[in-house]
Amino acid sequence: MKYIEAKITFDHPDTPLAGDLVAGVFFDFDLQGVVVEDPGMEPVEEWAEDAVARPSAHAVIGYLPEDEKLDRRRAQLEDEIARMANPIGLVYRISYRQVDEQDWAESWKAFFWPQKIGAHIVVKPSWRDYDARPDDIVIEIDPGMAFGTGTHPTTSLCVQLIETGLRPGESFLDIGTGSGILMVAAGKLGAGRMCGVDRDELAVRIAAENLGRNGIGPDRFHLVQGSLAAPVQGRFDVVAANILTQVVLELLGDIPRVVGPGGIFICSGIIEENKNLVVGRMTAMGFEGIDVLLKEGWVAIAGRLNQV
């Protein structure tokens with residue numbers, strides 16, 4: 001399948017905030033995969049000689065299917081970016097190019113190496129070798145076109161909170177599952193019933209493949225396509241959502257329906273400047289024992305819902 005790469009290169013004094021807002025527009029447009037380019041990223045020790053060059057500017061990239069809706073989606077995307085950019089003084093440029101799904105899937109692999117993202121959890125791309133230590137819990141993943149290699153700070157923070165908050169046998173729900181990394185982590189940590197939801201049909205398929213790749217059979221999980229928690233039935237002991245601030249705030253109104261009595265809600269994808277906004281909303285809803293983790297300007301928050 002052919003895709004059109006929509007790349008928004010931007011300049012703003014607060015690059016984390018700007019990147020979050022641009023990614024939020026992409027999220028609303030259901031783009032296939034999201035890539036954030038940061039010229040300040042540091043290479044890992046095993047950085048390959050033929051690796052993709054370090055980005056020269058801050059940018060966010062999404063992928064639009066090249067179908068009959070393409071022209072309308074491009075026009076809507078440009079309108080929404082302009083509407084978001086003007087109030088904050090964002091300087092940006094939009095460029096497009098055609099790519100094959102396979103070309104995209106292969107081009108970024110030079111960036112992805114095994115990395116420890118929790119106290120014991122190591123995420124390993126399926127095409128790399130890794131010598132595991134005795135206490136390592138290794139997750140093998142192939143993200144494909146779905147967002148989420150597991151190495152972004154928002155994901156590692158979520159994994160750390162799952163490690164401390166999930167007890168063996170407890171049920172787990174992942175909202176916006178992407179490549180399924182959080183579900184695989186929960187499964188490896190002994191979760192019982194698991195459910196994942198994502199609005200992207202391709203992400204649902206890739207999440208199922210990654211769960212199977214890690215020895216987690218279909219009898220242990222259910223994946224569904226849909227928006228946020230809308231298609232979810234029943235309540236869960238632990239609910240995680242690694243998305244974006246504005247989406248977390250939207251989701252919170254529906255969280256009491258899917259979090260069981262005394263259950264834990266974990267949210268990430270939140271920039272540090274929005275921490276108090278989310279914590280305040282969760283406190284007002286009755287969440288207790290709120291735990292906040294911070295890494296590279298990103299925040300993950302967990303709290304236990306005080307329910308009867």
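My entries on charged pairs and a helix follow.

I worked from a predicted model, where local features need pLDDT of at least 70, side-chain atom pairs count only at pLDDT 80 or more, and totals for chains, interfaces and linings use all residues. Residues are numbered from 1 along each chain as its sequence is written, and side-chain values use heavy atoms, with hydrogens and water left out.

**Entry 1, salt bridges.** I searched the whole structure and found eight salt bridges (a side-chain nitrogen of Lys or Arg within 4 Å of a carboxyl oxygen of Asp or Glu). One of them joins Glu-5 and Arg-97 at 3.0 Å, N to O. Glu-5 sits in strand β1 (residues 2-11) and Arg-97 in strand β4 (residues 91-100), so this pair ties together parts 92 residues apart in sequence. Strands (E, at least two residues) and helices (H or I, at least four) are DSSP runs, numbered from the N terminus. I noted Glu-5 as buried at 8% relative accessibility and Arg-97 as partly exposed at 47% (buried is under 20% relative accessible area, exposed over 50%, partly exposed in between; 1.4 Å probe, protein chains only).

Which residues are linked with Glu-140 in a network of salt bridges? I found Lys-124 and Arg-213 there. Glu-140 and Arg-213 meet at 4.0 Å, N to O; Glu-140 is in strand β7 (residues 137-141) and Arg-213 in helix α6, 73 residues apart.

I listed its buried residues, among them Leu-202, Val-204 and Ile-206. Gly-215 follows α6 with a positive phi, near 75°.
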